[in-house]
Amino acid sequence: MQRKSKKVKVIGWLFAFLVTSSYAVDDPKYLVRDIINERKDIISYVDTNKMARIILGKKRNSFSKEQMQEFVDMFEVVIAQSYNRFILNSKRKIDLLSTEYSGSIAVVSGRLDGLNVKFMLYLDKQQEWKIYNLVIDGINYGILYRTIYKESIEMCGVEEFLLKLRKKL
């Protein structure tokens with residue numbers, strides 16, 4: 001009886017180890033940690049097409065295919081510049097607190113330079129985690145960009161909006 005009990009304990013321990021090991025590999029918080037702490041180029045981990053669609057919302061219907069691609073390309077530069085200013089200038093490493101899941105969506109929460117940060121990620125078709133939004137100390141950058149860009153598009157139209165964005169870059 002004792003021998004069977006030991007086997008059950010060992011099998012249980014091995015199962016727990018395998019489950020937690022694969023969870024750790026798949027947990028997007030480790031991806032976020034590596035991007036921040038190793039100062040990696042964030043663009044390869046961001047789905048700029050998805051971000052652009054979310055940020056433009058219904059306004060994206062006003063864009064031609066070419067205009068949309070131009071916006072995505074310029075928005076990629078905006079993301080890289082923002083990331084460089086905030087993350088790369090940080091002297092500290094990120095303290096990761098949690099990962100919350102809802103289907104193929106994950107929210108990784110942490111603290112960096114005394115600020116609360118949240119990275120929103122999703123699993124793409126290749127089963128890789130991609131960032132699609134960021135919240136820093138309560139400021140949702142997806143919503144912030146949407147508000148700014150929506151107002152600009154409504155005031156001056158798509159072509160003028162793209163021209164202004166080109167000049168800023």
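## Basis and overall fold

Because the model is predicted, local features need pLDDT of at least 70 and side-chain atom pairs count only at pLDDT 80 or more, while totals for chains, interfaces and linings use all residues. Residues are numbered from 1 along each chain as its sequence is written, and side-chain values use heavy atoms, with hydrogens and water left out.

The protein chain has five helices and five strands, where helices (H or I, at least four residues) and strands (E, at least two) are DSSP runs numbered from the N terminus. Their order from the N terminus is α-α-α-α-β-β-β-β-β-α. Of the 169 residues, 35% count as buried; buried means under 20% relative accessible area, exposed over 50%, and partly exposed in between, with a 1.4 Å probe and protein chains only.

## Salt bridges

The whole structure has three salt bridges, each defined as a side-chain nitrogen of Lys or Arg within 4 Å of a carboxyl oxygen of Asp or Glu. One of them joins the side chains of K59 and E154, at 3.3 Å from N to O. K59 lies in the loop between helix 3 (48–56) and helix 4, and E154 in helix 5, so this pair ties together parts 95 residues apart in sequence. K59 is partly exposed at 23% relative accessibility, and E154 is partly exposed at 47%.

R166 also bridges to E70, with the closest N and O atoms 2.3 Å apart. This pair links distant parts of the chain, with R166 in helix 5 and E70 in helix 4, 96 residues apart. The side chains of R166 and E159 meet in a salt bridge at 3.5 Å, N to O.

## Largest pocket

The largest pocket holds about 320 Å³ of space. On a 1 Å grid over the protein atoms alone, a pocket is an open set of points where a 1.4 Å probe fits, with protein on both sides within 12 Å along at least five of seven lines; lining residues have an atom within 4 Å of a point. Grid points are joined across faces, edges and corners, and the volume is the space filled by probe spheres set on the points.

Seventeen residues line the pocket, of which I79, S82, Y83, L134 and Y141 lie nearest its centre. Helix 4 (65–88), strand 4 and helix 5 each give two or more residues to the lining, and helix 4 supplies the largest share, seven residues. The lining divides into 14 nonpolar, two polar and one charged residue. Here Ala, Val, Leu, Ile, Met, Phe, Trp, Tyr, Cys and Pro count as nonpolar, Asp, Glu, Lys and Arg as charged, and the others, Gly among them, as polar.

## Surface patch

I139, L144 and I148 form a nonpolar surface patch with about 240 Å² of accessible area together. Patch residues have over 30% relative accessible area and no salt bridge, with nonpolar side chains (Val, Leu, Ile, Met, Phe, Trp, Tyr) joined within 5 Å and like charges within 9 Å. Areas come from the Shrake-Rupley method with a 1.4 Å probe, and for residues only the protein chains shown count as cover. I148 is found in helix 5 (residues 141–168) and is partly exposed, at 44%.

## Positive phi angles

Most residues other than glycine have a negative phi. D113 has a positive phi, near 50°, and is found in the loop between strand 2 (105–112) and strand 3 (115–123). D113 is partly exposed at 34% relative accessibility. Q127 has a positive phi near 60° and is found in the loop between strand 3 and strand 4 (129–136). Q127 is exposed, with a relative accessible area of 56%.
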